[in-house]
Amino acid sequence: MADISDSAARAARDLRVVFSRLRRRIREVARDADLSPSQESALTLVGKHGAATASALAAAEGVRPQSMATTLAALEQHGLVRRAPDPDDGRRQLVTLTDAGRARVEGNRQVREEWLARAFQDRYTEEERQTVLAALELMERLSRP
């Protein structure tokens, strides 16, 4: 890292730490006692991907297909996902959210967004919020290819 400035290295390290903490805190806000973190993550993933095979979900989540199958079985028992034959390949099954699963994903998203908005409202001044917004515009560059 000889060609990387101290400020760039510090910014990278501090940003990673802060984002990790914030991500954990946001997840805690809407944590449901009846679902494990892996089940919550899979439920959110199904919501994002729409109809998908268990193997595609496992690849997206970076887990073994057997682990995803176990997780999906638990979500199915909770009535949050359903499996149906793939219309293009009857040997495969597609996983989708049930109405209850969709409501839960949307409810969790809303709870998280409301918590974050309230935290910004209560913990920061208007000037500080404007600074955060300006910093986010700069941070957007990091998300681009």
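How are α3 and α4 oriented to each other: roughly parallel, roughly antiparallel, roughly perpendicular or oblique?

I note first that this is a predicted model, where local features need pLDDT of at least 70, side-chain atom pairs count only at pLDDT 80 or more, and totals for chains, interfaces and linings use all residues. Residues are numbered from 1 along each chain as its sequence is written, and side-chain values use heavy atoms, with hydrogens and water left out.

I looked up helix α3 (residues 54-61) and helix α4 (residues 65-77): they pack at about 110°, with axes 9 Å apart. α3 and α4 are therefore roughly perpendicular to each other (angles of 65 to 115 degrees). The crossing of α3 past α4 is right-handed.

Next I listed the contacts (heavy atoms within 4.5 Å). From α3, A54, L57, A58 and E61 meet P65, M68 and L72 of α4.

For the whole protein I have six helices and two strands (DSSP runs, H or I of at least four residues for helices, E of at least two for strands). The order from the N terminus is α-α-α-α-β-β-α-α. The radius of gyration, taken over C-alpha atoms, is 19 Å, well over the 15 Å of the globule rule for 145 residues, so the protein is more spread out than a compact globule. The rule is 2.2 Å times the number of residues to the power 0.38. I have the C-alpha trace spanning about 55 × 40 × 25 Å along its principal axes.

Last, I note that 26% of the 145 residues are buried (under 20% relative accessible area, 1.4 Å probe, protein chains only).

Terms used: Axes are lines fitted to C-alpha atoms, for helices over the stretch in contact, and angles run from 0 to 180 degrees between N-to-C directions. Angles under 35 degrees count as roughly parallel, over 145 as roughly antiparallel, 65 to 115 as roughly perpendicular and the rest as oblique. A crossing is left-handed if the near helix is turned anticlockwise from the far one by less than a right angle, and right-handed if clockwise. Buried means under 20% relative accessible area, exposed over 50%, partly exposed in between (1.4 Å probe, protein chains only).
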